Structure formats: structure tokens, C-alpha cells
Amino acid sequence: MPVVDVDPDELRDLTGHEEKGNDELREDLFALGLEFEGWTEDDEFQLEFAPDRLDRLSVEGVARSLRYHYGDDHGVYVPSTNDADWTIEVTDTPPERPYVTGAVVRGLDMDATAFDSLIQLQEKLHATMGRGRAKGAIGVHDLTMLKGAPGAGGDAGAKTITYTSMDPDGEPFVPLESDVGMTPREVTESHHMGSQYADLVAEMDRYPAIYDDVGLFSFPPVINGKRTEVTENSRDLLIEMTGTDQWTVDHMLNIVLYSLSARGGRVERVDVSYADDAPGEYAGQTLSRPDFGVKEKSVTHDRIESIIGVDLDPETVVDCAERAGLDATQTEGEEEMAYDVEIPPYRVDVLHPLDVIDDVGRAYGFNDLEPRYPDVSTVGGRHARSRLEDAARDALVGLGFEDLLNFHMINAEENYERLGVDPESDVLGGGEAVTIREPYSEDYTMLRTWALPSLLMVLENNTHRAYPQDLAEIGLAAELDESQNTGVAEHRTLAAAVARADASYEDAKARLQALAEAFGKTLETPPTDHPTFIGGRAAAIVLDGETVGVIGEIHPSVIVEHDLEVPVAAFELRLDGLD
């Protein structure tokens, strides 16, 4: 979860509630879903929150949410914007990074606190929505240090910068935190900041670059030039963002602009002019940015009441929506009452009517909800699958395994590549995974197709602990399957690993045999091949004549890939094979 450092004095100042003590602020923040994690060395709050609310990655965003919570602000707020005075011409860009956006902010009072907040917001957005700058990278520049180049029509008075590409060994420039001119390639090889992001451009024939009439001032996504460095004395800023997706950089820009607007900044539009032959979907188009258009969602009154669990009059629903920073208009449909809800430009998390209902419920106050028994006549009981899981866990613990609970989400590298599995192969762990279209983290992009990768990740993180380490997990696995009505085949899987200096196939087989006998199953282990296991030291798991899994000694290449120094023997099978 993202953690943001927030100065409570800044919160009091930005919300206008100087009377709020630290304890009361913490309670109010908790009501918004922001959990207090501790204090920094500078006596600031460390706040942890769900990664969907990226608009709260700065003290300005947190203060905005508090003002709505206190009822000081209502409804959707959209900052006013001045007409465009600058143009970003997009031509001959690297196809790997074709998109750019930008805006100008004038009249800022950049004291030390505001400057630190901007830097933190930039870093947090890079780490989350920007995927470590791979999907979106932010450049902030002192506008007074830029000189507009002549526009496409040769207008000498035009204020134009150009997003294009450059030769890695081309013209030197002075990067941030340096006083020496360096070529772009030298920056990626020897600059202490530039080398951290060298892998983002390593496969490019030409590097991304942004020029003004003086020369190169930004090398995205790696580093800015020193000439346009922002300081506490900067008052007018150019914000530029490049990336692999226009939607992403546009919404990252919105979050930054709302933060700077809270500091008194005046937003000025920028025209983004794509060349006719530019890669991507906007070739030949000119976009006016920022895009402060509001989104709309529709939600019925009955659904709000059924999800929150209380009876609400329409006036209360509208008020709660407005205190969540939304605008709601009651509509009378043919069959039921509903609301048209407007979503502000900085909210990237509202994707479904349920997200609107969550905002309404939080504004109403989840702590104010009174628990009540459901109006049903049935009596709850244990599901048969739950009883089977508990019995299997008890058996594994009795066999000396430590029971684990890992995330069901993973990424393709951990699930397939590091274990030598081809997603298209017909082996345990193969199969096409269920992927997330817009994941918030590159670590969790898909549902795992088997559980053994999770166990090996735990072993990799536990190399500092003593051996033996005998680990087991029962959890979810899934893969795409067109024969299912949902398009996805899910199952519960059981995986176990034995890691020790003398771990062998026989050790894992003995545990598996005892597990099968505990459930009255006949076990057979005919030889098989699996890329994760050593050839000749792997077998299929057959219970009562049905193949349900695989067992064997982990291949040395997989051991080395996970930095393990002891052999590992493991097995995995479908849990329903024990039923």
C-alpha cells in the first residue's frame, strides 16, 4: 500500500481547521480510509491508503478530501484554465513512447513545504500510476528558463517546444545534479540518477527528447536538464508528461494540476500537436490539455440502499455524493428512481456504479451504520469445500509444513518465466492467465495459474532464515477457459515445498503418500516431464486413477533464479483430487 508523509500543520492550514488536534485529525483521516502508520522524524503523519485513491498522494489531495468530509466544500470542482500560450509539437518520437501531455501553471508560492509536497507527489505517481516511469513520467520545469521555438508555420513569436527523439550519442546537455555536459548515453551509464532508469530506454534506437529554442532540456523518462531546474523561488512552471498511454499521462497531469491549484497556481492550457505520421491514435490531431472533462455514472436508488443497508431519502443521497466531491442529479426513470453522477477529473478510481456507492456510504459514515440481522430464514453452515480445505490444512501441518496465505495475484515473470514454464504448454502451471487490463502495480498483473511460484517467492525472501523450511499453501488458481460460462476456470490448489540441504524426491513423495492415505486415496506416481523439475526426478500425481498434479525435485536453473542455496523438492495438486 502507498504510504504518504503528511504534515498535520499543513493539513490544518489547507483545510482551515486550526482547531483540530492531532488525535482528531487521525480519526477524521481514518473515516476517509487513511490509516495512521506512525510518525516521521520530522513529526509528520505516515498515512497508508488504498492505491486507487491516487489523488491523495499529496497533502493537498488529503486536505481536499477532508474539506469535503467536513462539509466545507460540496460537489465537483474544476479549476478554471487560461487559453493556450504554448504548444508541444510531436514529431519523430520513439514508437515505444509516443504520447505526451502538458500544462503551464503560473503564480505559485513555492515555499519549502509546497516544494517538498510537489516532489513527493511526483515520486509517488511515478511509483504507482506511472509504473516506475515506464508507463508515465513527469517533468516539471521552471518556465522562465524556457525559450519558445518558432512554430510549424515559422512564427517567430510562437512559444513552441518539441517532443521528438535524439541520437543516444548526440548533443551533450547538463543533467540535474551535475555541472558537466554529458551525452544521453553517458547519462544512462554514469550519472547516479540517470543510470537508475537506463533500462527504460535500453532497447530504443533513439531516445525520447524535448527541445526548446535553446536546446535539449528534458530526457524523459530518465532525467531533466539542469537549465530548467525547479527551486523554491520558481513561480511559473511547465508540466510535461510522456508515456505509453495518453489516458495515463493525462490523468497523472490532472492530479498534479489539482495539487498545484490548491497552492494558488493558475492553470494555463497547452496545445499538443501530433504530426500526421506520429505513431499512435492521435496522428494529425491537436489536443488541448489539460483534459478537465467530467465523467458520468448512473446508479439506482434501490441499489444504493441495498448495498449500504440503510433507508435513505433522495436529499441525503445527493448531499452525501456532494460531500464526496461528486455531483448527483436525481432522475426519474420509467421503472425506478436513479441518479446521474458526475465524477471530477482527478478521480481515476471510479470505474463502476459500486465505486459511487462506496463514496456515498463513506460520506454517510460507515461507523454510523447499525448492524442488523439479515432478513432470511436459513441458518449458516460450513461449505463442503471449506471443510475439505480445513482437513487438508490440518493434515499438512501434522506432516510438518508451515501453512501460508499468499496473494492470488502475481505477474507473468514470477508465474511463468522464472519457473521455465511456457504459458501455451500443457503442463501444470501452463495455460492462459486471467490478466488485469489496467493494473495499479506491475507486481500484480494477473491471477496465478498455480501456487508453486508463490512458495518459491517466499523461500527467496527467507534465505536469511534457518533451514529446513517446509512450506505449504492451499489457495486459488485460475486460467482462461472458453468452455466456462464466465470464460474463466477457477480451482483450489494445494502446493507444498521441502527446502533443506538433503531435500529429495523421496522426501516430498513420503509426505504426499501420507497425505493421500489420510484422505483414503490410492496414490500412483508415473514418470513425467515438467520444465520446473529435474528430468527423471519428476512424476505425475495420480489419485484413484485421476491425474491431479505433479511432484519432483526443482530444477537447478529455477533454484539459481530464486537465489536459493539448498535443494527444493515440491508437489502441487488440485484440492478436489482429495475429495
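Q: What is the strand order in the open sheet of 3 strands?
A: This is a predicted model, where local features need pLDDT of at least 70, side-chain atom pairs count only at pLDDT 80 or more, and totals for chains, interfaces and linings use all residues. Residues are numbered from 1 along each chain as its sequence is written, and side-chain values use heavy atoms, leaving out hydrogens and water. Strands here are DSSP E runs of at least two residues, helices H or I runs of at least four, numbered from the N terminus, and two strands pair if DSSP finds at least two bridges between them. With antiparallel pairing, the order reads β14-β16-β15.

Q: Which strands stand at the edges of this sheet?
A: An edge strand here has a single partner strand, so one side is left without a neighbour in the sheet. That applies to β14 (295–300) and β15 (327–332).

Q: Which residue in β16 stands opposite A328?
A: β15 and β16 (residues 337–343) pair in the antiparallel sense over 6 bridges. Opposite A328 stands V341.

Q: At about what angle does helix α7 run to β14?
A: Helix α7 (residues 301–308) lies across β14 and β16. Axes are lines fitted to C-alpha atoms, for helices over the stretch in contact (heavy atoms within 4.5 Å), and angles run from 0 to 180 degrees between N-to-C directions. Helix α7 to β14 comes out at about 75°.
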